[in-house]
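This briefing goes through selected features of one protein chain, grouped by topic. Keep the sequence and the 3D view at hand while reading.

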Amino acid sequence: ELAHHANHTSCWIVVEGLVYDVSDFHHPGGNERLFELGGKDATKAFAAIGHSTAAYRHMQRLLIGRLNSTIDVGEAELTEQSHSSVRSVGKILWRRTRELLCRNKAQHGRSLRGGSIHRIAHENEELWSSRCRGFLPCRDPVALLPSPYSVLVDLVSRMPTAIIDGSFRRMVDADAHQFDAIAKAVVDEPNSDILERVHSLYGYIGKGYVRLTQPVDGAQSVPSYLARGWP
């Protein structure tokens, strides 16, 4: 029966031998991973991520039954239970998962694990796909940008010192003639990774620029040549 609920319309997963209906659950990290685990045992995948106490509590609302523990998950059937029985099983799960959470904290603390549990992004996978790293981009940002975007990288690399000595605004204005080419290039840029990187660099430069300007009518603004290229 479990295998029949492995799609976007009806998605059931198993954690610690208990079955949860996540069909209508909106996971904060995206539902793609949930759908991939539909009809399967998600215990290891669930334990690998540091879920919050609230997440464990919410699981009880999604609980619909438990597996017959005498057979494999791939061929398992749901055990018929009353609503009260399911709730009692949920309380047992709550105690068990709390113990697991405490053990994980004791072993690993709150430190990051260097991506050891992250999935590798597929070719052409969307940068912000939550399948691999949850809320983080599924791969590292583009470090080096081709022309005409390279001027942005150069400005940001010199930004810390220029902000301190007050020369950053003059430095950006001196390269103003190069921003027209960037504004034209972003319109037809097919690489979303490059656009993401350009967007972040514009943000840094714009923030640094207004930091050294006085508000006009209570607001700070960037010059038009910076605003035109904002992707």
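In this predicted model, strands β1 and β2 (residues 18-21) pair in the antiparallel sense, with four bridges between them.

**Strands**
- Val 14 has Val 19 of β2 as its bridge partner.
- Two residues lie between the strands in the hairpin of β1 and β2, and Glu 16 in this hairpin takes a positive phi near 55°.
- β2 is also joined to strand β3 (residues 63-67), by three bridges, and these two strands run antiparallel.
- Tyr 20 has Leu 63 of β3 as its bridge partner.

**Ser 10**
- Ser 10 sits in the segment before β1 (12-15).
- Ser 10 counts as buried because its relative accessibility is 17%, and the cut-off for buried is under 20%.
- With neighbours within four places in sequence left aside, the contacts of Ser 10 are His 5 and Ser 23.

- In soluble globular proteins, nonpolar side chains tend to be buried together.
- The largest nonpolar core has 22 residues, of which Leu 152, Phe 168, Val 172, Phe 179, Ile 182, Val 198 and Leu 226 touch the most other members.
- At least two residues of this core come from each of α6 (150-157), α7 (159-165), α8 (168-174), α9 (179-188), α10 (192-211) and α11 (224-228).
- α10 supplies six residues, the largest share of this core.
- Ile 182 touches Pro 148, Tyr 149, Val 151, Leu 152 and Tyr 202, when residues up to four places away in sequence are not counted.
- Another core lies apart from the largest one and has 15 residues, including Cys 11, Phe 35, Ala 42 and Leu 62.

**Second largest pocket**
- The space in the second largest pocket is about 160 Å³.
- Its lining is made up of Leu 127, Trp 128, Pro 137, Arg 139, Asp 140, Pro 141, Val 142, Asp 193, Glu 196, Arg 197, Ser 200 and Tyr 204.
- Six residues of this lining are nonpolar, five are charged and one is polar.

Note on methods
Residues numbered from 1 in each chain as written. Predicted model: local features only at pLDDT ≥ 70, side-chain atom pairs only at ≥ 80, totals over all residues. Heavy atoms only, no water. Core = buried A, V, L, I, M, F, W, Y, C linked by side-chain atoms within 4.5 Å. Buried < 20%, exposed > 50% of the residue type's maximum accessible area, 1.4 Å probe, protein only. Contact = heavy atoms within 4.5 Å. Pairing = 2+ DSSP bridges. 1 Å grid on protein atoms, 1.4 Å probe; cavity = no way out; pocket = protein on both sides within 12 Å on 5 of 7 lines; lining within 4 Å. Points joined across faces, edges and corners; volume = space filled by probe spheres on them. Nonpolar A, V, L, I, M, F, W, Y, C, P; charged D, E, K, R; others polar.
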